[in-house]
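Subject: Structure for you to look at

Hello,

Here is the structure you were waiting for, followed by some notes on what turned up in it. Please keep it open while you read.

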Amino acid sequence: MSTKVKAVTRRKWTGDRTLTWVIRVILLLLTVVYIYPVIFAALTSFKDLTEFYSDIWALPKQFLYMNYVDAFTTGKIGEYFLNSVIIAVVSLVGIQIISVMASYALTRLRIPHTNIILMVLFALQILPTETIIIPLYVEMSKMGFLHLEYVPIFLAYIGWSIPGSTIILKNFFETVPKELLEAARIDGSGEIKSLFLIVLPLMKSAMCTVAVMNLNFVWGELMWAQITTLLSDKGIPLTVGLLNFKGQISTNWPQLCAAICIVIIPLYIIFICMQKYFIAGMTAGGVKG
Amino acid sequence: MSRTTTKPAKKKYGKLDKKLMFIGILFLMPATILVAFTTIIPVVWNIVLSLCKWNGNGPMEFVGLENFTKLFTDTPTLKTIGNSLFIAGVSTIFTMVLGILLALMIYKTGKKEGAFFRFVFYNPNIMPMTVAGLLFVFVLAPDEGLLNNIFAAMGLESLQHAWLAEPGLVLWTLAIVAGWKGSGCIMMLIYTGVLAIPDSLFESAKLDGANYFKEVRMIILPLIKPTICMVFSMEVMWSFKTYDIVWTMTQGGPGSLSKTAPISMIQQAFTYNKFGYASAIGLVFSVIVLICIGVVRRMLRSETYEY
């Protein structure tokens, strides 16, 4: 009996092991597909144009950082980057404050018809941006916002992100025990005070999750950013700026690669530091449009 | 949702409740104003605009359903909506299949390697669509691009193509690049779903002599079905965002072969100043997207297994 079991398990084990190795090989091949374009771009960014055309496979002969300097100065990537950072920071702070307040009100302050409000929020976040942007553009131009730097862009980002963020934060708020707040209320703590001193410290991870999710959207958005900056050359965010840069240099690939690297590297750093929130953000923001 | 639990709160508003409600409404104010300004008013206005003829400047002229009748007879524009649907469909299928396969394979390799592979496959997701698009413009460039050079190095010149310029190919290329970018996210979500399955189930399957294929078919897939459904409906929603990738990679070209609905909408508005017509395109496209999402959600509503 015991020998039979042993034999069976051993045979199975070896079969399983070959499968694992086959999978490993497939995954390694796919790794090349997923990571090589980035590495290739990084290597190319250190070459100059003649070096690139003479042999695209060769490793860069020397550490040429000229492309990066060019991308920063003539391509204005640095300026665009700064614009993107400003837009992202303002949007994220705005989204965070406003949706925390809204979700706190929806969970803990006795708002009537919470369910209807939630359903509306839910519907709003599925709505494709295509039906919004043209009238919004008209609206913003009538109110004179389009002449302002950054303002039209982050106003829209904040407004669009509030529904999704509020829903997620509300789900987290519900996990904070009610008794905690009632106790604070009896002790004479005001609503704003108890929100900041009691609830928010408990919600750190939820806030990070929402922030990361929104950063993903704000940093990469193109359509609205492009439309609002059609008429000006100020306050252009990175996504639009990168396309402008591509238009200027046409097929100067090494320079384009340098610009791409400038954009990608900070994102990788953020991702590695905040990996756990990225995943949580995806799951939580599952329904975000 | 907890529709029944709110009822007791409604019975009577005490003094404290009234005060809380007042504060609550104050707290909701900024959100309401911003959402109204950026979403609700534009959506309503979009419907109004779609019934008008307006060049963006000057008086609006009410024309009823003329924009819509024009749209449904305007083959080039209908074609762009078709292109959007094509890219969305192909990239959704590609992403889902690839994402699920990757997740199942990574699950098999074990924890430490898994972490490495997950980072690798998730990496396209970190970059904005614009960056991924530009990267692939470079990779797919006809002469100096990576892909064609790889084919040349392997002696497969017959496989070389002008990936973004050949009429029959460009939509597929775009859809696959979009799928490549999305697959990491799907992989991650499915993977977390698989991790949630208790180990005891696998142990009993192992004792019964099931191999990994059987495990996948009999245990993993049925149990992560709810995850797959959720991910699928999310992916459908994301896949319709075709503006970034197409604008970055081809700008709708060659000709207007890869032009998608958002691009044609924006061109109608900002190049030809036909704001009414553009709004109609946006509205019709959005309705189609919403119908697709609704159909997918309804289709996927199914039984789940408790474990």
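The notes rely on pLDDT, which is the predictor's confidence in each residue, from 0 to 100. Helices (H or I, at least four residues) and strands (E, at least two) are DSSP runs, numbered from the N terminus. This is a predicted model, in which local features need pLDDT of at least 70, side-chain atom pairs count only at pLDDT 80 or more, and totals for chains, interfaces and linings use all residues. Residues are numbered from 1 along each chain as its sequence is written, while chains are lettered from A and ligands numbered from 1 in the order in which they are written.

Confidence

The model has an ipTM of 0.83 and a pTM of 0.84. In chain B the average pLDDT is 84, and 94% of the residues reach at least 70. Among the elements of chain B, the lowest mean pLDDT, 46, belongs to helix H1 (residues 7–10), and the highest, 91, to helix H4 (residues 75–109). Residues 1–11 of chain B stay under 50 in pLDDT. For that stretch the model has six contacts beyond four places in sequence, a contact being two residues whose C-beta atoms, placed from the backbone, lie within 7 Å.

Chain B as a whole

Chain B contains 14 helices and two strands. Its C-alpha trace spans about 75 × 75 × 30 Å along the principal axes. The radius of gyration of chain B (taken over C-alpha atoms) is 25 Å, whereas a compact globule of 307 residues would be near 19 Å; the globule rule is 2.2 Å times the number of residues to the power 0.38. Of the 307 residues in chain B, 43% are buried. A residue is buried if 20 or more other C-beta atoms lie within 10 Å of its own, exposed if 12 or fewer, and partly exposed in between, with C-beta atoms placed from the backbone. Of the contacts in chain B between residues at least 6 apart in sequence, 72% join residues at least 24 apart.

Where the chains meet

The contact between the chains involves 77 residues of chain A and 76 residues of chain B. On the chain B side, helix H2 (residues 15–50) gives the most, with 20 residues. That side of chain B has 55 nonpolar, 16 polar and five charged residues. Here Ala, Val, Leu, Ile, Met, Phe, Trp, Tyr, Cys and Pro count as nonpolar, Asp, Glu, Lys and Arg as charged, and the others, Gly among them, as polar.

Val35(B) is in helix H2 of chain B. Val35(B) counts as buried because it has 24 C-beta neighbours inside 10 Å. Leaving aside neighbours within four places in sequence, Val35(B) is in contact with Leu124(A), Gly159(A), Ile162(A), Pro163(A) and Ile40(B).

Ile162(A) also marks a bend of about 40 degrees in helix H7 (residues 151–173) of chain A, and a proline, Pro163(A), follows within four residues. The bend is the angle between axes fitted to the seven residues ending at a residue and the seven starting there. H7(A) is mostly covered, with 20 of its 23 residues buried.

Helix H13 of chain B

H13(B) is largely enclosed by the rest of the structure, because eight of its 10 residues are buried. Among them are Pro262(B), Met265(B) and Gln268(B). The buried residues of H13(B) pack against H6 and helix H11 (223–228) of chain A, and against H4, H12 and helix H14 (275–300) of chain B.

Two positive phi angles

Most residues other than glycine have a negative phi. Tyr150(A) is not a glycine, yet has a positive phi of about 65 degrees. Tyr150(A) lies in the loop between helix H6 (130–142) and H7 of chain A, and is partly exposed because 17 C-beta neighbours lie inside 10 Å. Gln251(B), also not a glycine, has a positive phi of about 55 degrees. Gln251(B) sits in the loop between helix H12 (243–249) and helix H13 (261–270) of chain B. With 14 other C-beta atoms within 10 Å, Gln251(B) is partly exposed.

Domains of chain A

The domain assignment, automatic or from a database, gives chain A domain 1 (2–66) and domain 2 (68–287). Their C-alpha centres lie 35 Å apart.

Regards
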